[in-house]
Amino acid sequence: MFRRSMRESWRSLLGWTLGIAAVLFLYLPLYPSLGASAELQSLIDSLPQELIDTLGYDQIASGAGYTEATFYGLLGFLLLTIAAVIWGSSLASAEESGRAELDLAHGIGRSQYALETALSVLVRLLWLGVFAGLVVWAMNGPAELELEPARIVGASVSLVGLAFLAAGAALLAGAATGRRIWATGVGAGISVLGYILQALAKQSGDLEWLNALSPYAWVYRQSPLAEGVDLGGLALTWAVAVVLAAASALALRARDLHG
């Protein structure tokens, strides 16, 4: 199952890789001309402080703040989350198409089917994270970002963990219901809700407790590029992601497939 999944998904993986490359090569080279410009600072100062905090624009004049605001915390997060949800919905898609029933009839166990599907999703996300980190590292000097290589690794691991959590939620919902719409909705919903909760938490000190409920805040409440990763938040994110992926195997075993 793992080998077949990887073999059949190489075209989509190539597409997502090119998309990430396009975003990075579009935005990072702009930093030298934007980072210290008076026009950019004037624009940032004209925005409401709540919006600046939500988008992470408060540190955009630094290389770390710019890279996180444009890629790791926004466009990279969006791209990897979309990919993760699509790939994570593959269990439900296979069941709706009848392919899962055919595969299982050939002696593949349900747990193996779910876990190897999850593993293939993880490997693809890891590739995207590694690729993104390598491009950021390669552009570090030319774009004058002044990022520490170790922190690029930490930011990439955080991004992949956040995406895999969304994939795990999609896998579990798909395994439990057999419906792609539920898999997609739950996977995307947990990511959107996490982003909204951390945004609300930045609006008022009285709402900071919402960060505890937001996977996005677990990895980005402390800037991985500027301050280093929050090891506790990173460990929690990966732990929840792995538990969700493992639970998909139990959910698939626990019910009959749809005819």
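User: Hi! Where is Pro-224 found?
Analyst: Hello! Pro-224 sits in the loop between helix H12 (215-220) and H13. Bear in mind that this is a predicted model.

User: Noted. Is Pro-224 buried or exposed?
Analyst: Pro-224 is buried, as its relative accessible area is 1%, and the cut-off for buried is under 20%.

User: What is Pro-224 in contact with, leaving aside its neighbours within four places in sequence?
Analyst: With those neighbours set aside, Pro-224 touches Glu-68, Arg-151, Ala-155, Ser-158, Val-219 and Val-229.

User: Nice. Zooming out, how many helices and strands does the chain have?
Analyst: The chain has 13 helices and 0 strands. Buried residues account for 48% of its 259 residues.

User: And what share of the contacts comes from residues 24 or more positions apart?
Analyst: Taking the contacts in the chain with a separation of 6 or more, 76% are between residues 24 or more positions apart.

User: OK, helix packing. At what angle do H9 and H13 pack?
Analyst: Helix H9 (residues 110-140) and helix H13 (residues 231-253) pack at about 150°, and their axes are 7 Å apart. That angle makes H9 roughly antiparallel to H13, because angles over 145 degrees count that way. The crossing of the two helices is right-handed.

User: Which residues make that contact?
Analyst: From H9, the contact uses Arg-110, Ser-111, Tyr-113, Ala-114, Leu-115, Ala-118, Leu-122 and Leu-126. H13 supplies Trp-238, Ala-245, Ala-246, Ser-248, Ala-249, Leu-252 and Arg-253. By class, the contact of H9 with H13 has 11 nonpolar, 2 polar and 2 charged residues.

User: What about Leu-119, where is that found?
Analyst: Leu-119 is in helix H9. At 40% relative accessibility, Leu-119 counts as partly exposed.

User: Next pair: how far apart are the axes of H6 and H10?
Analyst: The axes of H6 and H10 are 8 Å apart, and the two helices pack at an angle of about 35°. H6 passes H10 in a right-handed crossing.

User: Which residues are in that one?
Analyst: On the H6 side there are Phe-71, Tyr-72, Gly-76, Phe-77, Leu-80, Thr-81, Ala-84, Val-85 and Gly-88. The H10 side includes Ile-152, Ala-155, Leu-159, Ala-163 and Leu-171. The contact of H6 with H10 divides into 16 nonpolar, 4 polar and no charged residues.

User: H10 and H11 next. What's the angle there?
Analyst: H10 and H11 pack at about 150°, with axes 7 Å apart. That makes H10 roughly antiparallel to H11, and their crossing is right-handed. Among the contact residues are Leu-165, Ala-169 and Gly-174 of H10, along with Trp-182, Val-186 and Ile-190 of H11. The class count for the contact of H10 with H11 is 9 nonpolar, 4 polar and no charged.

User: Let's switch to H7. Which of its residues are buried?
Analyst: In helix H7 (residues 90-97), the buried residues are Leu-91, Ala-92, Ala-94 and Glu-95. They cover an arc of only 160° around the axis, so they are on the same side of H7.

User: What do they pack against?
Analyst: The buried residues of H7 pack against helix H6 (63-88), helix H8 (99-104), H9, helix H10 (149-177), helix H11 (180-201) and H13. H7 is followed by Gly-98, which has a positive phi near 90°.

User: Last topic: what is the phi of Glu-144?
Analyst: Phi of Glu-144 is near 60°, a positive value in a residue other than glycine. For context, most residues other than glycine have a negative phi. Glu-144 is in the loop between H9 and H10.

User: And what about the phi of Glu-146?
Analyst: Glu-146 has a positive phi of about 60°, although it is not a glycine. Glu-146 lies in the loop between H9 and H10. With 73% relative accessibility, Glu-146 counts as exposed.

Technical notes:
Residues are numbered from 1 along each chain as its sequence is written. This is a predicted model: local features need pLDDT of at least 70, side-chain atom pairs count only at pLDDT 80 or more; totals for chains, interfaces and linings use all residues. Side-chain values use heavy atoms; hydrogens and water are left out. Axes are lines fitted to C-alpha atoms, for helices over the stretch in contact, and angles run from 0 to 180 degrees between N-to-C directions. Helices (H or I, at least four residues) and strands (E, at least two) are DSSP runs, numbered from the N terminus. Angles under 35 degrees count as roughly parallel, over 145 as roughly antiparallel, 65 to 115 as roughly perpendicular and the rest as oblique. A crossing is left-handed if the near helix is turned anticlockwise from the far one by less than a right angle, and right-handed if clockwise. Contact means heavy atoms within 4.5 Å. Ala, Val, Leu, Ile, Met, Phe, Trp, Tyr, Cys and Pro count as nonpolar, Asp, Glu, Lys and Arg as charged, and the others, Gly among them, as polar. Buried means under 20% relative accessible area, exposed over 50%, partly exposed in between (1.4 Å probe, protein chains only). The arc is that of the directions from the helix axis to the C-beta atoms.
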